[in-house]
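Visitor: I would like to go through this structure with you. Could we have it on screen before we start?

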Amino acid sequence: MNFEIIQTEKGDLSYCRMDNETVSTSSAFLDLMMNCPTETMVLDKEALHKDFFELRTGLAGEILQKISNYQRRLVVLGNYENIEGKSLNDFIYESNKAGKVVFIKTIQEAIKLLK
């Protein structure tokens, strides 16, 4: 994994490139977050294990709790237009509204939503 620092008007972002790895546990996410050189980490959607997007597994909740506890921000880049589950749609909507964890297509769009 490596981090690319991107400077924005809302602070520096660290775009983490995972090299075909996925984050499949909250402890793996915590390790990644602790190595992140900025307050805001950017990941591609594919870097998160599919269990993250199946809310009943609890992985998303555990990861968001880490973000909250350590006062960090997370951007997850990907296409979220064709999500079928109402719970996941609601989760993404509420997360984007709060602005600490953002699910969006581009970094430019994410910067607008970050708080």
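Visitor: To begin, which residue just after H3 takes a positive phi?
Guide: Gly99 does, at about 85 degrees, and its place is just after H3. Helices here are DSSP runs of H or I of at least four residues, strands are runs of E of at least two, and both are numbered from the N terminus.

Visitor: Before we go on, what kind of model is this, and how are residues numbered?
Guide: This is a predicted model, in which local features need pLDDT of at least 70 and side-chain atom pairs count only at pLDDT 80 or more, while totals for chains, interfaces and linings use all residues. Residues are numbered from 1 along each chain as its sequence is written, and side-chain values use heavy atoms, with hydrogens and water left out.

Visitor: Are Asn20 and Gln71 buried or exposed?
Guide: Asn20 is exposed, with a relative accessible area of 83%, and Gln71 counts as exposed at 68%. Buried means under 20% relative accessible area, exposed over 50%, and partly exposed in between, with a 1.4 Å probe and protein chains only.

Visitor: Let us turn to H3. How many residues has it, and what does it span?
Guide: H3 has 13 residues and reaches 18 Å from its first C-alpha to its last, close to the 18 Å expected at 1.5 Å a residue. The expected span is 1.5 Å times one less than the number of residues.

Visitor: Which residues of H3 are buried?
Guide: They are Leu88, Phe91, Ile92, Ser95 and Asn96. These residues cover an arc of only 125 degrees around the axis, which puts them on the same side of H3; the arc is that of the directions from the helix axis to the C-beta atoms. On the other side of H3, Lys86, Ser87, Tyr93 and Lys97 are exposed.

Visitor: What do the buried ones pack against?
Guide: The buried residues of H3 pack against H2, S5 and helix H4 (107-113).

Visitor: Take Ser95. What does it touch?
Guide: Not counting residues up to four places away in sequence, Ser95 touches Leu64, Lys100, Val101 and Phe103, where contact means heavy atoms within 4.5 Å. The side chain of Ser95 also reaches the backbone oxygen of Phe91 at 2.9 Å. Ser95 has 9% relative accessibility.

Visitor: What about H1: which residues are buried there?
Guide: In H1, Ser26, Phe29, Leu32 and Met33 are buried. Seen down the axis, the buried residues of H1 fall within an arc of 115 degrees, so they line one face of the helix. The elements that cover them include strand S1 (2-6), S2, S3, H2 and S4.

Visitor: Now the rings. How many aromatic pairs are there?
Guide: The structure holds 6 aromatic pairs. Rings of Phe, Tyr and Trp (its six-membered ring) pair if their centres lie within 6.5 Å; planes under 30 degrees apart count as stacked, over 60 as edge-to-face and the rest as tilted. One of the pairs is Phe52 with Phe91, edge-to-face at 6.5 Å centre to centre and 70 degrees between the planes.

Visitor: Where do Phe52 and Phe91 lie?
Guide: Phe52 lies in the loop between strand S3 (40-44) and helix H2 (59-69) and Phe91 in helix H3 (residues 86-98), so the pair ties together parts that are 39 residues apart in sequence. Phe52 and Phe91 are buried.

Visitor: How are the rings of Tyr80 and Phe103 arranged?
Guide: Their centres are 5.6 Å apart and their planes are at 85 degrees, so the pair of Tyr80 and Phe103 is edge-to-face. Tyr80 is in the loop between strand S4 (73-77) and H3, and Phe103 is in strand S5 (residues 101-104), 23 residues apart. Both Tyr80 and Phe103 are buried.

Visitor: Which residues form the aromatic cluster?
Guide: Phe52, Phe53, Tyr80, Phe91 and Phe103 form one aromatic cluster.

How values were computed
Polar contact = N/O pair within 3.5 Å; in protein donor to acceptor, adjacent residues only side chain to side chain.
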